[in-house]
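Subject: Structure handover

Hello,

Here is the structure I promised to pass on. Please open it next to this email and follow along.

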Amino acid sequence: MSEGTSKANMEVKMTGEVELDAYTNDVLADGDLKHEYATTVDLNFDIKFNEKWTAFLGIEADAASEGAGFGYNGAYIQYKPADIFYVKVGDLTFSEGAFQAYYGYDDPTYNAAGMKEHDIRGMQIGLAGLELGIGFARNANDARVSADDDANYNAHLAYEFNYAGQHLRPYVDYKSYQELDHNELHAGIDAGLTLGGFSFRAVYGFHADYLGDDDANKSAFGPADVTSTAHAILAEPSFEVSMFKIKTTFFYAFIDDGDEGHQEYAGEIPEYMFAYAEPTLKFAEFIQLGIPVEFHTNTLDDDADISTLDVGARFYLAPVENLNIMATGMVDIPVGDNNDDDDVALRFGIETVFNF
């Protein structure tokens, strides 16, 4: 962390995170051994003008390569005259019901049980836990299905309640594409409880699009009803005592893809069901060993039957504060009747993360 003060007595604080990942493909498969990278660099600048006026600027490099390029990742100004009230204006991001325990889907940019990240350029008002955001959709949130970009509008409403280890967050998000019957609704609740070493988090997320469409109304898809919905349920219980801890995840989505097999939610729900558990043993303050066990359906189609059972080991090393290294090896066992390849796969990877 670094701080500086301008001649106008502004306070500037920079924080960031860097993640460098490398993975192999199946080392047991025929042919050359291949590998892939993932790189993420976040730089955040918090500027304090005085006790009431502040600003934020984010810069990010994120790519499935070793040489990710930097780009603008949002900025806003904030006016906060009291602890219970604030107004933000600029580029804002909303997400709800993110996967927190399972490492594979924990980036809300891409996946969430409630709603993956929606970027807007507009305004957010907060009052005693109530959050209201409204503005023009931007970035990936501005993509349209059948017309040009730069025409979507987004509104977000949520209430955050926290008390004595409990949290409750109901939310609703509405997006208009300005096309016949074309809109998108997310709604749900994120709740959690912590008692000593035990914690339990649950999310219900409702996803729907083309809400006004029905068989008698001709939309861009014709007379068929293309309204698609998904009811997503996420449970994340965990327990920690002394040198032992276990974190688990169970996710299931009840999906109705309409008359035309339309699935706009496919971009945020990774699969219709998966389960994950990882017991971890701490050998010292900076060394841990985890044994992940995972069941994945690998599809949004509950008739596909291409599931796998994944088991392995994850070695965690944290030699100094704000530096974490994780090495992993996973065995993927096909258990579905329709898997294209019935061979067992073996994969390795290493992830390095540091914060400042």
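Predicted model: local features only at pLDDT ≥ 70, side-chain atom pairs only at ≥ 80, totals over all residues.

**Salt bridges**

The count of salt bridges comes to 10. Start with Glu96 and Arg169. Their closest N and O atoms are 2.8 Å apart. This pair ties together distant parts of the chain. Glu96 belongs to strand S6 (residues 85–96), and Arg169 to strand S11 (residues 166–179). The two are 73 residues apart. Both Glu96 and Arg169 are buried.

Next, look at Arg201. Its side chain meets that of Asp190 in a salt bridge, at 2.8 Å from N to O. Again the pair links distant parts of the chain: Arg201 is in strand S13 (residues 198–209), Asp190 in strand S12 (residues 182–195). They are 11 residues apart. Asp190 is buried, and so is Arg201.

Arg201 also forms a salt bridge with Glu236, with the closest N and O atoms 2.6 Å apart. Here strand S13 is linked to strand S14, across 35 residues. Arg201 counts as buried because its relative accessible area is 8%, under the 20% cut-off.

**Glu236**

Glu236 sits in strand S14 (residues 228–241). Is Glu236 buried or exposed? It is buried, because its relative accessible area is 6%.

**Asn162**

Asn162 is in strand S10 (residues 161–163). Asn162 is exposed, with a relative accessible area of 52%. Its side chain joins that of Glu160 in a polar contact of 2.9 Å. Now compare positions along the chain. Gly192 is 30 residues from Asn162, and their C-alpha atoms are separated by 9.4 Å.

**The negative patch**

Which residues form the negative surface patch? They are Asp30, Asp340, Asp341, Asp342 and Asp343. Asp341 is in the loop between strand S20 (323–334) and strand S21 (345–355). Its relative accessible area is 46%, so Asp341 is partly exposed.

Over to you.

Best wishes

Note on methods. Residues numbered from 1 in each chain as written. Heavy atoms only, no water. Patch = residues over 30% accessible without salt bridge, like charges linked within 9 Å, V, L, I, M, F, W, Y side chains within 5 Å. Areas by Shrake-Rupley, 256 points an atom, 1.4 Å probe, with all protein chains shown as cover. Salt bridge = Lys/Arg side-chain N within 4 Å of Asp/Glu carboxyl O. Lys, Arg positive; Asp, Glu negative; His and termini not counted. Charge placed at Lys NZ, Arg CZ, Asp CG, Glu CD. Helix = DSSP H or I, 4+ residues; strand = E, 2+ residues; numbered from the N terminus. Buried < 20%, exposed > 50% of the residue type's maximum accessible area, 1.4 Å probe, protein only. Polar contact = N/O pair within 3.5 Å; in protein donor to acceptor, adjacent residues only side chain to side chain.
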